[in-house]
Amino acid sequence: MGDVTRSRKKVTQRFLERTFRGRPMGIGSYVWMFQRLTGLVLAFYLGLHLLVLGSALKGGASFNQVMAMLETPWIKVLETALVWVALFHTANGIRLVLLDLVPSLNQRSLAYGALVVTIVLGAMGTSFMW
Amino acid sequence: MTCYLPPIDKPDAIYNIQILRFDPEKDRYPHWESYQVPFVRTMTVIEALEYLWDQGEYIAFRSNCREFTCGSCAMEINGKPALACDTLLEDGMRIEPLSRFPVIKDLVVDTSTVPERFKALKLWPECKHREPATKDSPPLPAAKSAIEHYRETYSRCIECYSCLDACPQSDSDESPYFGPLYMLQLARVMEHPLDEKDRVAQAAEAGISHCINCYECANVCPMNLSPATIVNELRSKTIRRLDLLFGRRRKEVG
Ligand code: FES
């Protein structure tokens, strides 16, 4: 049998198919996808962070310039988004560690718990920042 | 004509369903075809396929018991692996074979690698030589929890391979993670009181650390088992074993 006959679906294809055909996946799959996406965002941010810091530390004038750039509202919106992303990644990461340590825990309630923690802490952070 | 079903005189509705057909003698690639099925109340997907067979549409599919016991009729229905005899027909359904395995014809897939892997994993109690049991030899010291687990979980698996199909980390036999079914079987033989083989190392070599905790196998299991919890339990044993820290690459598992 050649490989042409088997579809070997990737998770994105499965996600689209099942979500839009009335067979949604469990919450575990969705939070896992978010975990990956937020992980990518955080990795990207780490590089960006180092770049900005590096350019800010060149001298007094450039420091002031970078700080002025960081005060613009667009950057602030992105920073708020970053807080949410980091919070979700942390909360779900703690859920995964808990599941590894105590396998009999209920993953579904833990996932909802992680979402609730993200929303509460994210709302607090957002009101604090603005 | 085979006549599986009594003739349908007064259907409740006419449903359009789509089926992924593949004939190795004619086609190079699988293709979708749509069919019309008269729906009567409580009609399942298997019955729809049998109806089509009665009409001269010879669509290849597997089924035996029609009562969720044999596990041979698993297929992807609207993208979700499920037992065709356990799923009510809906309008616009898309029915395709399990996507993890190579297709032999239409909805029949080649699952012959699974028993081969079972053999390679040595899924039987492996122990040193023992005296054969006699009439007065004491009964085996099986823990009560093990008996419970066998009754509640391990013996109820019908090996329909839905969990293998749903697992995003194990989308073919070449992927590093074997899949939830094998982990369930490893846990089963691990709890046997006679077994002495190092099953935790076997699980590590079968790529158990690739599991991503999505619990999709538990989500699709037609018997409502939770292979994911068993995988998690096995993995929490592997992460406590320091000698497996660097040996997690997949070897010839056996
Ligand atoms: S026909 Fe036996 S499980 Fe569906």
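Guide: The size of an interface is often given as the accessible area lost when the parts come together. Here, domain 1 and domain 2 of chain B bury about 1200 Å² between them (accessible area, 1.4 Å probe, lost on being put together and summed over both). Carbon and sulfur atoms give 54% of that area. On the domain 1 side, B:Pro81, B:Arg100 and B:Phe101 supply 53% of the area buried against domain 2, more than any other three residues.

Guide: A word on the source: this is a predicted model, where local features need pLDDT of at least 70 and side-chain atom pairs pLDDT 80 or more, while totals for chains, interfaces and linings use all residues. Residues are numbered from 1 along each chain, chains are lettered from A, and side-chain values use heavy atoms, without hydrogens and water.

Visitor: How many residues are in contact?

Guide: Contact means heavy atoms within 4.5 Å. By that rule, 14 residues of domain 1 of chain B touch 20 residues of domain 2 of chain B.

Visitor: And which residues form a salt bridge?

Guide: Look for a side-chain nitrogen of Lys or Arg within 4 Å of a carboxyl oxygen of Asp or Glu. The rule finds 1 across this interface. B:Arg100 pairs with B:Asp173 in a salt bridge, with the closest N and O atoms 2.7 Å apart.

Note on methods:
Buried area = accessible area lost by both parts, 1.4 Å probe.
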